[in-house]
Amino acid sequence: MTTQKTHKVASRSPLPARLSMLFVCALWIVPTLGVVLTSFRTVDATNSSGWWTLLAHPGGLSDLTTGNYSQAIEQADLGTAFLNSVAITLPAVFLPILIAAFAAYAFTFMTFKGRDTLFIVIVSLLVVPNYVAFVPIIKLYSSVHLNGTFPAAWLAHIGFGMSLAVYILRNYMATLPKDIIESAKIDGASHYQTFYRLILPMSAPALASFAIFQFLWVWNDLLVALIFVGPGDKQPITMAANQLLGQQGTGWELVTAGGLFSMLVPLVVFLALQRYFVRGLTSGAVKG
């Protein structure tokens with residue numbers, strides 16, 4: 001009887017909750033649908049009417065073309081920009097994960113003076129906007145001739161993403177069973193052995209969660225790339241796609257095509273790691 005009542009209560013969703021959910025879904029789906037349809041429209045159709053006219057007059061679907069994609073790839077050299085984005089993103093994802101994993105292990109399983117205070121300081125950096133550090137970083141890069149290079153983007157992304165990485169990994173590691181760690185100590189395992197053989201494999205969901213966050217952030221970034229890399233032969237795909245927009249605000253059909261082309265890799269990464277995503281984020285939220 002209790003189970004049946006619980007099932008009935010759970011199956012009844014209030015109407016305002018359903019309407020709110022539909023509204024939020026529409027906020028995401030409608031713009032995305034507009035981008036997809038615009039990327040297949042001709043120049044004349046894009047300049048003369050909005051993409052929503054295709055919904056009112058489905059006959060216009062026969063005029064859709066894939067030529068925008070080939071033109072965008074050739075005009076903006078998206079192939080080279082794609083490889084540049086890969087060269088920027090991969091080190092900017094793996095390096096902070098490795099460094100933050102070491103730090104999270106120390107904050108969780110090692111005791112030293114000022115540990116909690118240092119952790120609070122690192123986490124508090126999450127509220128500091130990234131752009132407030134741009135001017136001193138640019139001056140520092142100029143003194144060591146790093147501006148306009150891949151390492152400039154790597155270091156910037158690593159520094160800006162480190163606080164979130166330490167926070168996520170430390171919270172997850174705090175939920176791991178302490179008995180396993182104590183058993184490893186009794187067996188004579190060092191901190192390095194415990195970290196590599198026990199903690200890292202057990203922290204795979206949290207590592208994957210941060211990897212998704214960092215990958216999407218770095219791959220879709222325009223501001224950091226614009227400031228620290230700049231236009232040229234090393235520009236990432238976000239900058240190349242942005243240059244498809246004309247002087248008078250024309251070329252939206254090419255911009256949307258380039259944007260969708262750049263979305264392919266993030267979609268594959270998210271779909272491949274999605275099973276770890278929620279698990280890694282919520283494991284440290286509730287204890288019991």
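The following paragraphs describe a predicted model of a protein, from its overall build to selected residues. Residues are numbered from 1 along each chain as its sequence is written. Local features need pLDDT of at least 70 and side-chain atom pairs count only at pLDDT 80 or more, whereas totals for chains, interfaces and linings use all residues; side-chain values use heavy atoms, with hydrogens and water left out.

The protein has 16 helices and zero strands. Both kinds of element are DSSP runs numbered from the N terminus, helices being H or I over at least four residues and strands being E over at least two. Of the 288 residues, 35% are buried; buried means under 20% relative accessible area, exposed means over 50%, and partly exposed lies in between, with a 1.4 Å probe and protein chains only. Contact here means heavy atoms within 4.5 Å. Among the contacts with a separation of 6 or more, 76% join residues 24 or more positions apart.

The interior can be approached through its nonpolar cores. Such a core is a set of buried Ala, Val, Leu, Ile, Met, Phe, Trp, Tyr and Cys residues joined through side-chain atoms within 4.5 Å. The largest has 41 residues, and those with the most contacts inside it are Val166, Leu169, Met173 and Ile199. At least two residues of this core come from each of α5 (67-75), α6 (78-109), α7 (115-124), α9 (150-173), α11 (191-202), α12 (204-219), α14 (237-242) and α15 (252-262). The largest share, 10 residues, is supplied by α6. Apart from this core lies another, of eight residues, including Ile137, Ala156, Phe160 and Val224. Returning to Ile199, and leaving aside its neighbours within four places in sequence, this residue is in contact with Tyr105, Phe109, Met173, Leu176, Ile181 and Thr194.

Helix α15 is mostly covered, with eight of its 11 residues buried. Those buried in α15 are Glu253, Leu254, Val255, Thr256, Ala257, Gly258, Leu260 and Ser262.

Helix α6 also packs against α12. Their axes come within 9 Å and cross at roughly 145 degrees; axes are lines fitted to C-alpha atoms, for helices over the stretch in contact, and angles run from 0 to 180 degrees between N-to-C directions. On the α6 side, the residues that meet α12 include Phe82, Val86, Thr89 and Val93, while Leu207, Phe210, Gln214 and Trp219 are among their counterparts in α12. By class, this contact has 13 nonpolar, three polar and no charged residues. Here Ala, Val, Leu, Ile, Met, Phe, Trp, Tyr, Cys and Pro count as nonpolar, Asp, Glu, Lys and Arg as charged, and the others, Gly among them, as polar.

At 1% relative accessibility, Ser203 counts as buried. Leaving aside neighbours within four places in sequence, Ser203 is in contact with Tyr172, Met173 and Leu176.

Aromatic rings form a further theme. Rings of Phe, Tyr and Trp (its six-membered ring) pair if their centres lie within 6.5 Å; planes under 30 degrees apart count as stacked, over 60 as edge-to-face and the rest as tilted. The count by this rule is 14 aromatic pairs. In one of them, the ring centres of Phe40 and Tyr69 are 5.2 Å apart and the planes stand at 50 degrees, so the pair is tilted. Because Phe40 lies in the loop between α2 (15-39) and α3 (43-48) and Tyr69 in helix α5, this pair ties together parts that are 29 residues apart in sequence. Phe40 is partly exposed at 25% relative accessibility, whereas Tyr69 is buried at 19%.

Phe102 and Phe195 provide a second example: their ring centres are 4.6 Å apart and their planes at 20 degrees, so the pair is stacked. Phe102 lies in helix α6 and Phe195 in helix α11, so parts 93 residues apart in sequence are tied together. Phe102, at 31% relative accessibility, is partly exposed, while Phe195, at 2%, is buried.

Finally, the backbone deserves attention. Most residues other than glycine have a negative phi. Asp77, in the loop between α5 and α6, has a positive phi near 50 degrees. His145, in the loop between α8 (134-144) and α9, has a positive phi near 60 degrees. Asp77 is partly exposed at 42% relative accessibility, and His145 is exposed at 70%.
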